[in-house]
Amino acid sequence: MRAKSFAPVMRGIAAVMACVLVLSLVGAGVADSFRTRIDDALGTTSYVTSTDADAARFKSDYATIDDMIAAAKALAVKEGEEGTVIMKNDNGALPLAEGGSVALFGLAAYAPYPYASGDLKAGNEDAVDLLQALTEAGVNVNETVRDFYLNKVLNKHTEEVPNRWTGELETQVAYDNIYVAAPGDMAEYQIVEVPPEKFGEMGAPADWKSSIDKANTTGICVFARGAGEGNTYAPGSALDYEGNATGKDPLALSDDELAVIDAAKETCSKVVVLINSGNTMVLKDIAKGGAHEVDGIAYIGVINDYQCTGIVRVLTGQVNATGALPDTYVADNASIPAVMNFGGGYYADYEIVGRSDDPRYPGVDIANTTAGSFGGSNTYNGGHFIVEAEGIYVGYKYFETRYYDCVMNPGSKANSAKGATQGSAWDYNAEVLYPFGHGLSYLDYTQTLKSVDVDKTPEGNVTAVVELKNNSGQDGCFLAQLYVQQPYTDYDRQNNVEKSAVMFLNSAKTQVKAGGTAQVTITVPTKYLASYDYTNAKTYILDAGDYLFTAAPGSHAAVNNFLAHQGKTASDGMDAQADGAVLTWNLSSLDKDTFSVENGTKVTNAADDADLNYWTGGNTVTYLSRQDWEGTYPINYNADVEVKLADSPRKDEWIAQLRGQTYTIRTDSPAAEGGDKGVRFDTTHIQYDQLSDVNDPFWNTLVSGITIDEAVGAVIHGGSRSDVLTNVDNPIVIQNEGVSGFTAKYEDEASGKSYRFNVHSQTLLASSFNPELAYEWGRVEGNSGLWLQRYHLWGTGLTQRRTPYNGRNYEYISEDPMLTNRMGCGILQGCADMGILNGPKHMGFNDQEHNRGGVSAYMNEQKFRETDLRGFQGGLEDADGMAVMIAFNRIGATNASHHVGMLQRILRDEWGYTGLISTDMMNNKYYFNAESMVMAGITQVADFGGDDNHITLGEGGVDATWEYISPAAVENDSALVEQARQNLKYQLYTYANSAIMNVSTEKVATWWDDALRNATYASGALAAVAAAAWVVLTVLPDKKKEEV
Amino acid sequence: MNIVKKFSVGAWITLAAAVLALASVIVYAVNIGSAGYFQNAAVTNIIPLCALAAAALAAAVVLGQVKLSGPAFTAMELVTGVLQVCAPVLLTLCLASLAAARAEGLGFIYFSNADVILEVQTPANLASAAGTIANMACLGAAALAGIVGAFCGLRKKER
């Protein structure tokens, strides 16, 4: 046979081997992603656990404490750089002219909020305030004004004040005149801004005005608003400097503040106002067309130790301005539909809930009145309620959708007078001053959506590519924001599914060279395109139709892009030309399936009883709908409607809920007592399989050993630290506070240095719109935990900012659930990657601090799922969040910490969350019900106790708090005891996966890894040899081949 | 039609592989365009790779019929052979990529627990899963045919 006849054989062998090579390469990747399942099936082990101390699973990124401190400072400065938002910039007011001067006006200019150290401010010795930052940046600060403010107006000194919690006297910084740092609980709020008319009598030099070189000086006015736990602003509660009631909104600039601005305008050629607040303020007077219009306005949030350095870098133009507003700024807070139902009020017959014959508390008169923010009296505290009738239309989703409908759907009565505060017809541009996502860049740039890919699978992502074009002659950083418009269909109208005309999805930043372009890829899980249909499908749906995507500098620009894409122009009522690229993804038919199952759990209604209509049996509540803006605009359900419990067709059930009677302890199902099961919480028993799977049998074995007393006791007395459980030998874990980071002080014995790492600003991180920065902060926060050897903190807030009045808004991110979602995802993942449990607060509608310990928040399930909960979903489902704190208030009539639907069905089952779940501080045993919390899945009830994980510590061997709880009372309820053990299982599993245990696992090659690798090498080699042989046999001349 | 008469068995097999590759593209497009679990679940580069493979196979068949001699004939043989080898590799890559992308979803549809199986196994989802399996079968057959074709010459031997 001639050699040439072998050529096709060699070619065929080359083809076969190349195909095997491809299969082995791709197969190795697939096998790796299914490694655990393959190990289970084949009985192989891919990981071994190392107990070597040097092989810790979580190690700090920083070799020395100096490196750690430098990283924390750098992050804080970056928050200032990226979070400062230029809201208005006319007449070249910003950046400040090089070599120019500034005159600083306003108390906060010299003592930015917060001035006192604590939870919000680290107070390190090297902290930099605004004055110092300006000076260090080479800005000339007018000394006459500065000295007058510092020495005559503020006069910084110290005072002895009692600690809020302990009552012990502490030395604190104080001033003669300073803004009120805590607005109180819907109390009057005094705006202590010294008006210029008082300057003279306070000792200002007579020539202070002439000391300012007007032509070359920019006046910078800084105004602050305080906030805090237990604090809620009350509309119309403002007092002026003298203490006189003005009737104005406390979040609006006061006449005294406006007078300061006028003085600045009189003495300086340009005036810039800096907003130093976590609560959205009302700036109509100084915005365009306002009676006190200024040249520039910038948002600087709530400031910590080092952010001022970054803020000044923006003000001076050392870095480009890239911050954007996380909330909508309006001309009047009364224009916000959620404000129609804020604060709350009593049911008409709230007294009928109170009783003196509660079998759990014999002989105790239990009222149903409100209690203080921190508890106090014997009350169920179920008398107050609010109705969140605005539904999903919070913040820009209301304003932009109504604007869109003014143009696109005039039949919806979008421009009716209902909800208008600035005229007889609703006008977007009169109501909204600065939209969500607004932020001016110094450098001219454009953002263009180049492509969008939608993977419509349960785990799929929307992947968008945005091109940023730097039209300026200077390198800089730029922000890209991705928005979507979902179709609003007849199906939605028929089934009361509401859709915002524009929805923020995610954002990203990147550096772009002068005159150049750069592309950023923005991804977000596709599931967030779905809407919750609570009336018909009772699950998440994707409507048929066009999904429009665009990249735009804010929600309003985005909605204008959509309108222009849909053929609308100024003649139709649009307020601006829009030419931003819009890309479409079409879904041909309604999809009720793809997102109807999550993590193997059927997704369906979990909070029907959160709807007031469920209880009243009628249509008491009309939810805001874009079908009819006028007819559905919220009324006040506390004042305009009489809600009587006695009239309810579910009266008894409703009252039972308000009394916290959501579970009755059984007496007919004996629980198994615990005992030594031969396993412990240690590295001998906890290996890779146990770390990777909470359903590994080990965990049930471990918790089955916990005694009945300790199982229930450890949950309902979770305390501020965990207790060691008999038969488990778990570690003691101390919980730490700190929305700005761990408040604990690091003490370095070797160098004698001490330092506090709570240097973060939640507000400035929020306005950075940069999820990558959120991750960086989470990682720094986690690293600091490793250095402090503290592993669990309540270190961020992810509740939606429903209104501007909540005193905790400075702890939260935004009015928008998705911005909150993405930032929360970053923060929690950063911490989780360092093994630190960072529990976000306060899941479940902590929409006001006023009567937070009992107020009922009624809503429909679309709002329930798409607003506050969505904010938490990113960190707790998409990221590896390991802890969460539940809100104080009720959802519907049910204490949020009793809410089985939210905690068991959504959090545990749908989201697959395996971390720990804590209540907020248990302050009222009549409101917080021990057995209900256990059954809802709470892993630990927060109280101040330590080493108290028993239900026998009260008089007579019963529980010290809930006297009706005792071993004898619960031992015949196997479901309760087993649920308590299950709850502790999640807690222990989380500890094992954190830096608390800090054991590492190493990956080892299994026989099938070896087989795949060998197949790759062998097939590769054979393919190469066969291919070479084929080429040789083909190329060689026939004659020569014959010789061969 | 003289050229068809010169087709060897290998040419017909290779042509069948090309047709199967094109059929895979159609099945894939229908599958992700239809209601059900895999609707819009695009897999990166499946369509261009499949199309490229089909084009390579078709080109190989055509080039294989060109009558040349000397170095030109050798060069043509090399080009044709490379196409015959690369095409099944591309099809195998498509098959592996598709299988990797669909494994989780198929497991979800066919092996979910009893609580949700009724929710998951809707007619649309089952049809979508069947479509994906058909797509994989089509790709596998195309790759196999391409491999067999690579063992064969593309032109009948002249007597």
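Q: How many residues of chain A are in contact with chain B, and what makes two residues a contact?
A: 33 residues of chain A are in contact with 36 residues of chain B. A pair counts as a contact if the two C-beta atoms, placed from the backbone, lie within 7 Å. This is a predicted model, in which local features need pLDDT of at least 70 and side-chain atom pairs count only at pLDDT 80 or more, while totals for chains, interfaces and linings use all residues. Residues are numbered from 1 along each chain as its sequence is written, and chains are lettered from A and ligands numbered from 1 in the order in which they are written.

Q: How do you know what radius of gyration a compact globule of 159 residues would have, and what is the value for chain B?
A: The globule rule is 2.2 Å times the number of residues to the power 0.38, with the radius taken over C-alpha atoms. For 159 residues the rule gives a value near 15 Å, but chain B has 19 Å. The C-alpha atoms of chain B fill a box of roughly 70 × 25 × 20 Å along the principal axes. Chain B has six helices and zero strands.

Q: What makes Asn91(A) count as exposed?
A: Asn91(A) has 11 C-beta neighbours inside 10 Å and therefore counts as exposed. The cut-offs are 20 or more other C-beta atoms within 10 Å for buried, 12 or fewer for exposed, and partly exposed in between, with C-beta atoms placed from the backbone. Asn91(A) lies in the loop between strand E2 (85-89) and strand E3 (101-105) of chain A. It has a positive phi of about 60° although it is not a glycine.

Q: Why does Phe769(A) count as buried?
A: Phe769(A) has 30 C-beta neighbours inside 10 Å, so it counts as buried. Its place is the loop between helix H19 (762-768) and helix H20 (771-788) of chain A. Phe769(A) is not a glycine, yet has a positive phi of about 55°.

Q: What makes a set of residues a nonpolar core, and which residues touch the most other members of the largest one?
A: A nonpolar core is a set of buried Ala, Val, Leu, Ile, Met, Phe, Trp, Tyr and Cys residues joined through C-beta atoms within 7 Å. Of the 360 residues in the largest such core, Ala14(A), Val273(A) and Val712(A) touch the most other members. Helix H4 (residues 70-111) of chain B gives the most to this core, with 14 residues. Leaving aside neighbours within four places in sequence, Val273(A) is in contact with Cys221(A), Phe223(A), Ile261(A), Ile286(A), Val294(A) and Ile297(A).

Q: How do you know that E2(A) and strand E11 (residues 296-299) of chain A pair?
A: Two strands pair if DSSP finds at least two bridges between them. Four bridges join E2(A) to E11(A), and the two run antiparallel. Lys88(A) stands opposite Ile297(A), and Asn89(A) has Gly296(A) as its bridge partner. Strand E10 (residues 270-277) of chain A also pairs with E11(A), in the parallel sense over four bridges. There, Ile275(A) stands opposite Tyr299(A).

Q: What makes both faces of E11(A) count as covered?
A: Gly296(A) and Ala298(A) on one side and Ile297(A) and Tyr299(A) on the other are all buried. In a regular strand the side chains alternate between the two faces of the sheet. E2(A) is mostly covered, with four of its five residues buried.

Q: Which residues does the cis peptide bond with omega of about -5° join?
A: The bond joins Tyr113(A) and Pro114(A). Pro114(A) sits in the loop between helix H4 (107-110) and helix H5 (130-136) of chain A. Another cis peptide bond, with omega about -20°, joins Lys841(A) and His842(A).
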